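Welcome! Let us take a friendly walk through this structure, one stop at a time.

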Amino acid sequence: MTSRTSIIGWGHSKFGRLDEPDVTALIGSVVPQALAHAQVTADEVDGLFVGVYNNGFSDQDFQASLVSLTNPEFQFTPAMRVENACGTGSAAVYAACDFIDSGRGDVAVVIGAEKMTGVDTPRAGEILLSGCYRPEESNVSGGFAGVFAGIASAYADRYGDPSAAMAAIAAKNHHNGMTNPYAQLHKDLSFEFCNEVSDKNPYVAAPLRRTDCSLISDGAVALVITSADRARTAPRRVSFRARAHANDFLPLSRRDPIEFAGARRAWNQALEQAATATTDLDFIETHDCFTIAELIHYEVFGLAERGHGHEVVDEGLALPDGKLPINRSGGLKAKGHPIGATGVSMHAIAAMQLTGEAGTFQLPTADLGGIFNMGGTAVTNYASILERW
């Protein structure tokens, strides 16, 4: 991919249980930040791309129409909403990139947002189950956590119990989140705490403990994405060296549930486009909706053979001071997982690292970064490789 379509600015809310009452307010909290950061005015924006999962978190849908309510200058700006389960944010980013690459516009604003805490936890769990294949998987005990618990159990049956490795991943990501001001949780939980089942860390769906599961969150993120010509005069520019999208069957019964074949395909396509290798990257932000997912991603990324993801943990490769820091932001585990905002956040966090603007969680070396965002049980898979230019 030779495109220099670039991220030139962003706005990022804190994730968590937020005071903003709805998605409209969340959108309004980040779009002005992004425009100011990119030094772009609303009348320069050629298209708006909104990622919101919703599906029952709010009675108000048609979220693309909400952006102009936060800024009347967007009254006539073309706007569209996309949804692709937990990959919704990246779907919006890619739609904006396609818009710019096609020449239809020079400046796009991408917004990812979700207000998840407006419903109670049982209702949130029911909504999230729509990301699985309901005819076969909706009656699994533990909801969506139960679906991933089945993946963890299948992994254990084939390769041995991954619980200790998952606990180490949880402890790493909680420690990383301590220095990220956007993160929902600032709790430095030890490996010992994460590895034990206790009153404070019970099973959510065995073998997944509470510390193995990401959080119900509110949040919003906005990006300004432009053509290369427009980016040349911007205060910063981070380009897409590669981006790839691959799907897999929705029902787990139609595939090997622990292979993550679609994820592997997207990642390898991105590496091929970028003419690089995983080990050439300076960091990765990956989709740790559950710790078993991050463990399998180590194998998808080629950092370990199948069944040996624990070696990445054992060797400390993914730690902040390791050879390839993974989820320096705290990941979904500590940063939070507002569905529509997650993929946009991953791209914003990577851009922060690459431009040296990550502040308290800045890595010492950040020239080439990888992003992996997935929806469902690795059903829709987005892989991006970003670089500063």
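Which residues in helix 3 meet which residues in helix 14? Before answering, keep in mind that this is a predicted model. On the helix 3 side we find Thr 88, Gly 89, Ser 90, Val 93 and Tyr 94, and they meet Gly 340, Gly 343, Val 344 and His 347 of helix 14.

Helix 3 covers residues 88–101 and helix 14 covers residues 339–355. Their axes come within 5 Å and cross at roughly 60 degrees. Angles from 65 to 115 degrees would count as roughly perpendicular, so helix 3 is described as oblique to helix 14.

From here, turn to the nonpolar interior. In soluble globular proteins, nonpolar side chains tend to be buried together. The largest nonpolar core in this model has 89 residues, and Phe 148 and Ile 292 touch the most other members. To see the surroundings of Phe 148, leave aside residues up to four places away in sequence: Phe 148 then touches Leu 208, Phe 260, Cys 289, Phe 290, Ile 292, Ala 293, Met 374, Gly 376 and Thr 377.

A database record gives another way to find your bearings. In an unreviewed entry, UniProt lists residues 16–228 as "domain: Thiolase N-terminal". In the model, this span is 39% helix and 15% strand, and its end C-alpha atoms lie 35 Å apart.

Finally, the backbone has a few spots worth a visit. Most residues other than glycine have a negative phi, and most peptide bonds are trans. The peptide bond from Ala 206 to Pro 207, however, is cis, with omega near 10 degrees. You will find Pro 207 in the loop between strand 5 (203–205) and strand 6 (208–209).

Two residues other than glycine have a positive phi here. Gln 39 has a phi near 55 degrees and sits in the loop between helix 1 (23–38) and strand 2 (47–51). Ala 275 has a phi of about 50 degrees, and its place is the loop between helix 10 (261–274) and strand 9 (283–286). Are these residues buried or exposed? Gln 39 counts as exposed because its relative accessibility is 59%, and Ala 275, at 66%, also counts as exposed.

Terms used:
Residues numbered from 1 in each chain as written. Predicted model: local features only at pLDDT ≥ 70, side-chain atom pairs only at ≥ 80, totals over all residues. Heavy atoms only, no water. Axes fitted to C-alpha atoms, helices over the stretch in contact; angles between N-to-C directions. Helix = DSSP H or I, 4+ residues; strand = E, 2+ residues; numbered from the N terminus. Parallel < 35°, antiparallel > 145°, perpendicular 65-115°, else oblique. Contact = heavy atoms within 4.5 Å. Core = buried A, V, L, I, M, F, W, Y, C linked by side-chain atoms within 4.5 Å. Buried < 20%, exposed > 50% of the residue type's maximum accessible area, 1.4 Å probe, protein only. UniProt positions renumbered as here; feature names shortened; annotations may be inferred.
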